[in-house]
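Hi everyone, thanks for coming. Let me put the structure up, and then I'll walk you through it.

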Amino acid sequence: MAGEAASTVFSFEGRLVRITHPDKLYFSQAGISKLDLVRYYLSVAPGAVAGIQDRPIVLKRFVNGAEGQAFYQKRAPAQRPPWLRTVTLSFPSGRTAEEIVVDDVAGLAWIVNLGCIELHPHPVRSGNLEHPDELRIDLDPGPGVSWADVCDVALEVQGLLEGLGLRGWPKTSGSRGMHVNVRIEPRWTFAEVRRAAVALSRAVERRVPALASSKWWKEERHGVFLDYNQNAKDRTTCSAYSVRPLPDGRVSTPLHWREVPDCDPADFTIFTIPGRFAKIGNPHADMDAAHGSLEKLLELAEKDEAAGLGDAPWPPHFRKVEGEASRVAPSRAKPAAKKPRVKMPLVVVANSPDKGAALAGLEKWKRKHAEIAGFLTVDDVLVDSMRGRSSTWTRIRVNLRHVPEALRPSQEIPDPDEDPTREWHERSRKRTEK
């Protein structure tokens with residue numbers, strides 16, 4: 001695909017967008033350059049723009065390509081075209097940020113030129129920043145969970161939504177999972193939308209308890225996790241037709257429900273999606289005409305609360321809310337007086353901004369402790385994608401619950417041990433102590 005001039009300029013209805021370093025390889029194994037990426041997005045522009053249009057967007061920038069370390073840029077670059085809009089968002093931390101709003105294909109090309117391989121819009125429109133118009137259902141399979149199980153859970157989600165008078169729009173996540181988005185009336189707050197997502201996650205878990213989990217803590221999960229916290233304010237997921245930073249240039253692809261049972265996410269890449277789009281168009285083209293109500297889901301949340309199910313845990317950087325469950329993982333929780341909780345014997349074996357290095361650290365740990373590796377099951381290895389203030393990193397833990405207590409190794413210094421948030425947490429701890 002590669003091989004162009006030193007720079008390339010596109011004109012979109014008089015708006016000029018310069019693509020700098022167009023020959024720079026963004027996916028070295030697949031031979032995909034920056035210009036190839038831009039041309040891909042132009043080939044599916046009606047669908048890609050529809051997924052982000054009129055929404056503030058977080059710029060997740062891969063300036064060194066898909067194999068390089070990404071960083072999140074919430075604030076709009078100071079140097080930007082005069083025709084590119086911005087809005088000011090407020091966050092749970094109390095901070096604010098002026099973020100880019102993409103309205104058209106010129107804006108799309110401009111942010112892709114910044115290294116935005118993925119597109120990460122907020123679930124709100126620029127004219128109503130406090131009331132989402134999208135409920136986001138993120139199906140996140142645990143280790144060893146099959147794609148067939150993900151599809152089965154997605155179909156359970158579809159059945160539940162239809163019973164509640166809502167329409168879900170499925171798409172592959174572009175990785176191992178699936179997203180189901182629901183267009184809703186923009187009259188509920190972020191907290192209310194998240195509350196509805198918690199109720200939905202618990203309802204799906206009750207329908208297929210062997211396949212689905214609504215548990216926030218990884219050590220308690222099994223099967224496919226329904227990540228309700230993707231609906232918390234300040235959280236974003238990749239939108240329709242986003243390219244993911246995988247070696248084959250895989251794409252988060254909108255589907256018809258009839259495609260879900262037999263689809264294969266590996267079939268949807270930067271090479272295949274332009275032809276699919278030209279042939280069948282955008283399966284989600286009518287999404288904006290299908291606004292639904294959350295009232296029945298919120299009624300379900302009230303029933304759960306009356307039955308003793310309070311709020312579920314929030315992400316760690318959010319302020320504690322009334323009625324919220326403990327934010328301490330069960331393995332670290334202090335035993336209650338009347339009903340002690342069983343702590344999971346977890347050890348951290350690797351921390352690194354480089355997922356490959358973290359996984360290599362896991363294999364090194366297994367070789368060192370070869371006598372106990374045979375006791376481990378697939379679910380005993382917890383690979384956490386940790387999101388810091390501007391970047392992501394990987395933490396790997398091992399649950400020793402199936403290892404005889406006498407053989408369990410103690411916590412050692414992880415190898416590698418590159419937690420990019422450690423210094424920030426240490427400064428925060430010292431400020432608190434003062």
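When I say buried I mean under 20% relative accessible area, with exposed over 50% and partly exposed in between, using a 1.4 Å probe and protein chains only.

Before I go on, some housekeeping. This is a predicted model, so local features need pLDDT of at least 70 and side-chain atom pairs count only at pLDDT 80 or more, while totals for chains, interfaces and linings use all residues. Residues are numbered from 1 along each chain as its sequence is written, and side-chain values use heavy atoms, with hydrogens and water left out.

Now the overview. The chain has 10 helices and 17 strands; these are DSSP runs, numbered from the N terminus, with helices being H or I of at least four residues and strands being E of at least two. Of the 434 residues, 52% are buried. The accessible surface is about 20,100 Å², and carbon and sulfur atoms hold 52% of that; the areas come from the Shrake-Rupley method with a 1.4 Å probe, and for residues only the protein chains shown count as cover. As for contacts, meaning heavy atoms within 4.5 Å, take the ones between residues at least 6 apart in sequence: 68% of them join residues at least 24 apart.

Back to β1. Residues 7-12 make up β1 and residues 15-20 make up β2, and the two pair antiparallel over six bridges. Strands count as paired if DSSP finds at least two bridges between them. V9 stands opposite R18, and S11 has L16 as its bridge partner. Two residues sit between the strands of this hairpin, where E13 takes a positive phi near 50 degrees.

Next, the open sheet of five strands. Its order is β11-β12-β10-β14-β13, with mixed pairing. At the edges are β11 (169-172) and β13, each pairing on one side only. Further in, β10 (residues 134-141) and β12 (residues 178-183) run antiparallel, joined by six bridges.

For a helix, look at α5, residues 190-207. From first C-alpha to last, its 18 residues reach 26 Å, close to the 26 Å expected at 1.5 Å a residue; the expected span is 1.5 Å times one less than the number of residues. Most of α5 is covered, with 13 of its 18 residues buried.

On to the rings. There are six aromatic pairs in the structure. Rings of Phe, Tyr and Trp (its six-membered ring) pair if their centres lie within 6.5 Å; planes under 30 degrees apart are stacked, over 60 edge-to-face, and the rest tilted. W216 and F225 are edge-to-face, at 6.3 Å centre to centre and 65 degrees between the planes. W216 and Y228 are tilted, because their planes are at 50 degrees, with the centres 6.1 Å apart. W216 is in the loop between β13 (212-213) and β14 (224-226), and Y228 is in the loop between β14 and α6 (273-280), 12 residues apart. Together, W216, F225 and Y228 form a cluster linked by ring pairs.

Charges sit over rings too: that takes NZ of Lys or CZ of Arg within 6 Å of the ring centre and within 35 degrees of the ring normal. R221 lies over the face of F225, 3.7 Å from the ring centre, and the charged end of R194 is over the ring of W314, at 3.8 Å.

So, is H122 buried or exposed? H122 is buried, because its relative accessibility is 2%. You'll find H122 in the loop between β9 (120-121) and β10. Beyond its neighbours within four places in sequence, the contacts of H122 include R55, E99, R136 and D234.

Most residues other than glycine have a negative phi, and most peptide bonds are trans. D234 has a positive phi near 85 degrees, and Y241 has one near 70 degrees. D234 lies in the loop between β14 and α6, and Y241 is placed in the loop between β14 and α6 as well. Finally, the peptide bond from D415 to P416 is cis, with omega near 0 degrees.
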